[in-house]
Amino acid sequence: MHKLIFSLLSIASISLLLLFHGSEARQRELPLPNACHFSQINSLSPAHATKFEAGQMEVWDHTSNELQCAGVTVARITLQANSIFLPSFFSPPSLAYVVQGEGVMGTIASGCPETYEEAGGGVGGDMHRRFEDMHQKLEDFRRGDVFASLAGVSQWWYNRGNSDVVIVIVLDVTNRENQLDQVPRMFQIAGSKTQEQQQPLTWPSGKNAFSGFDPNIIAEAFKIDIETAKKLQNQKDNRGNIVRANGPLHFISSPSRQWQQDGNGNGIEETYCTARLHENIDDPERSDFFSTRAGRISTLNSLNLPVLRLVRLNAIRGVLYSGGMMLPHWTANAHTVLYVTGGQAMIQVVDDNGQSVFNAQVQQGELLVVPQGFAVVKTAGETGFEWIAFKTNDNAYMNTLSGGTSYLRAVPVDVIKAAYGVTEEEAKRVKFSQQETMLAMTLSS
């Protein structure tokens, strides 16, 4: 009997330990105390821009109350035509959205095989092949692509088009994978410090990782000469982290992106080396909500991009036509970081005390943080409104206050009468008048 009780207790203890460990792995580091107490929320613009040879990197003030509440920081990268954002990585996981342009992106995950090979012919009729190059998988990118990146995984971006590429990156600095503090850090594998005077908010602010090593050590590690080792350190280079390429760059690339749409994957069981890392959410055909008059909404979460279970962020692409409205709603389990990609809109945000904390117009290039549970409504201006929203949960979900699947639609008429002091007829109009679920036209349209 004692052995049975002991066995049962041991099993229970192990089960609790596994349950605790699993839940702990899913927890986020807490933002700063009282960071989400607002009398007023402000829309945000970049606080500083660092100019490089062939582009710039703009950063938002990570010490602002809004970004500290959300536990994220944000950067915007602009690459001129035929330029490359040199290999670098961030300490926290991140999501990147391509606002405009097209090109090639490379992900460099240590330990993953070089699955792309280019073979050259033998010399003097020699039938033996020699390898010209080997590298890891590359991805073509275009407007509307969302890319996921884990902590410490290096990436580079190449603009092969004739116009600027603009990319917005959100870094989850409170994610447990970020073992440093909540100050954003970018680690440069290549590149150099610019001649521009650095400001306190500026990142990146240093040289590349090779710069701190003794050139002799680098020479030994790579089996190269000292002069080449010094070139890796970019000692006489002040071009920064975005440089102009000397003519079109040559890569070994796959013939088609079709593989990205094949198969569903199983998230955690996939290795990062083979996982699908991105998806385009700009295509109207993949919309979750669509109105021919009001606009469309597309959602990207861990259900349709499993790698987001590791990143623990998701993205929503929204388009409202002139006079369109996204009905009042709140996000139940995440903060929202909204970046305006086009047009303008009037946005109202209401806090947990029923107080209006934001009631203003936002326009292209601005950022707005909506804390978890705060109610929000968006109304497009004359030219329409487009945005990308990043949410701090890989499977965030929204609740609506009005509409066909809303909170009030689910409440009995008598409860509405008692709650709001309205007549039965008024309660029915409140409950049933709005037939749309998420997007609608304003009465003045």
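Q: Which element supplies the largest share of the lining of the largest pocket?
A: In this predicted model, the largest pocket holds about 400 Å³ of space. Strand E4 (83-90), helix H4 and strand E14 (242-244) each contribute at least two residues to its lining. The largest share, 3 residues, comes from E4.

Q: Which residues lie closest to the centre of the largest pocket?
A: The lining of this pocket comprises 10 nonpolar, 4 polar and 4 charged residues. Of the 18 residues that line the pocket, the closest to its centre are Ile84, Leu86, Pro87, Arg239 and Val243.

Q: Within what arc do the buried residues of H3 fall, seen down the axis of the helix?
A: In helix H3 (residues 215-222), the buried residues are Pro215, Ile218 and Ala219. These residues line one face of the helix, because their directions seen down its axis fall within an arc of 100°.

Q: Against which helix do the buried residues of H3 pack?
A: The face of H3 turned away from its buried side carries Ile217, Glu220 and Ala221, which are exposed. The buried residues of H3, for their part, pack against helix H4 (226-232).

Q: Which backbone nitrogen does a side-chain oxygen of Asp214 reach at the start of H3?
A: The contact is made at the start of H3, and its oxygen belongs to the side chain of Asp214. That oxygen comes to within 2.8 Å of the backbone nitrogen of Asn216.

Q: What is the phi of the residue that follows H3?
A: The residue that follows H3 is Lys223. Its phi is positive, near 60°.

Conventions
Residues are numbered from 1 along each chain as its sequence is written. This is a predicted model: local features need pLDDT of at least 70, side-chain atom pairs count only at pLDDT 80 or more; totals for chains, interfaces and linings use all residues. Side-chain values use heavy atoms; hydrogens and water are left out. Buried means under 20% relative accessible area, exposed over 50%, partly exposed in between (1.4 Å probe, protein chains only). Helices (H or I, at least four residues) and strands (E, at least two) are DSSP runs, numbered from the N terminus. The arc is that of the directions from the helix axis to the C-beta atoms. Contact means heavy atoms within 4.5 Å. A polar contact is a pair of N or O atoms within 3.5 Å; within protein, one must be able to donate a hydrogen and the other to accept it, and residues adjacent in sequence count only if both atoms are side-chain atoms. On a 1 Å grid over the protein atoms alone, a cavity is a set of points where a 1.4 Å probe fits but cannot get out, and a pocket is an open set with protein on both sides within 12 Å along at least five of seven lines; lining residues have an atom within 4 Å of a point. Grid points are joined across faces, edges and corners, and a volume is the space filled by probe spheres set on the points. Ala, Val, Leu, Ile, Met, Phe, Trp, Tyr, Cys and Pro count as nonpolar, Asp, Glu, Lys and Arg as charged, and the others, Gly among them, as polar.
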